[in-house]
Amino acid sequence: MAKYVVIYEDMRKDAVAPDMVEILLKGHVEHLRDLHSRGALFMCGPLKNSSEKGLQIFEANSKEEVESCVLKDPLIVHKWYASYHIYEWIEANEENNYLM
């Protein structure tokens with residue numbers, strides 16, 4: 001399995017009716033919990049000093065598998081975020097001598 005980094009960008013809060021915001025955010029958290037319980041989501045969270053971007057790290061077999069997960073996220077479905085980018089991440093760590 002490989003690791004993939006997903007960055008959500010271009011937040012458009014105005015794309016969602018105010019009465020739907022809490023429902024949408026709860027759906028997003030449920031989606032993240034489901035992904036984590038299945039072992040697909042390694043970690044996630046907003047980027048500090050950039051409240052309009054979010055980051056997720058997946059463990060998956062392919063970029064297409066990750067995109068399938070992203071496209072089910074209520075924040076993407078309802079256009080809260082207008083765009084996202086998926087990158088395969090090559091983890092440098094002590095175990096692989098930081099890729100040396």
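User: How many helices and strands are there in this protein?
Analyst: The secondary structure comprises three helices and four strands, taken as DSSP runs numbered from the N terminus (helices H or I of at least four residues, strands E of at least two). The model is predicted, so local features need pLDDT of at least 70 and side-chain atom pairs count only at pLDDT 80 or more, while totals for chains, interfaces and linings use all residues. Residues are numbered from 1 along each chain as its sequence is written, and side-chain values use heavy atoms, leaving out hydrogens and water.

User: In what order do the elements run?
Analyst: From the N terminus on, the order is β-α-β-β-α-α-β.

User: And the strand order in the sheet?
Analyst: The sheet is open, its four strands lie in the order 2-3-1-4, and the pairing is antiparallel; two strands pair if DSSP finds at least two bridges between them. Strand 2 (41-47) and strand 4 (81-89) are the edge strands, each pairing on one side only.

User: How many bridges join strand 1 to strand 3?
Analyst: Seven bridges join strand 1 (residues 2-11) to strand 3 (residues 50-60). Within this pairing, Lys3 has Glu59 as its bridge partner in strand 3.

User: What joins strand 2 to strand 3?
Analyst: Six bridges join these antiparallel strands, and Gly45 stands opposite Leu55 of strand 3. The two strands form a hairpin with two residues between them, and Asn49 in the turn has a positive phi of about 65 degrees.

User: Changing topic: which residues touch the most other members of the largest nonpolar core?
Analyst: Among its 21 residues, they are Tyr4, Val6, Phe58, Val66, Val70, Trp80 and Tyr81. Such a core is a set of buried Ala, Val, Leu, Ile, Met, Phe, Trp, Tyr and Cys residues joined through side-chain atoms within 4.5 Å, where buried means under 20% relative accessible area with a 1.4 Å probe, protein chains only. Strand 1 gives the most to this core, with five residues.

User: What is Tyr81 in contact with?
Analyst: Leaving aside neighbours within four places in sequence, the contacts of Tyr81 include Tyr8, Met11, Lys53, Leu75 and Ile76; contact means heavy atoms within 4.5 Å.

User: What share of the protein counts as buried?
Analyst: Of the 100 residues, 35% count as buried.

Notes. Buried means under 20% relative accessible area, exposed over 50%, partly exposed in between (1.4 Å probe, protein chains only).
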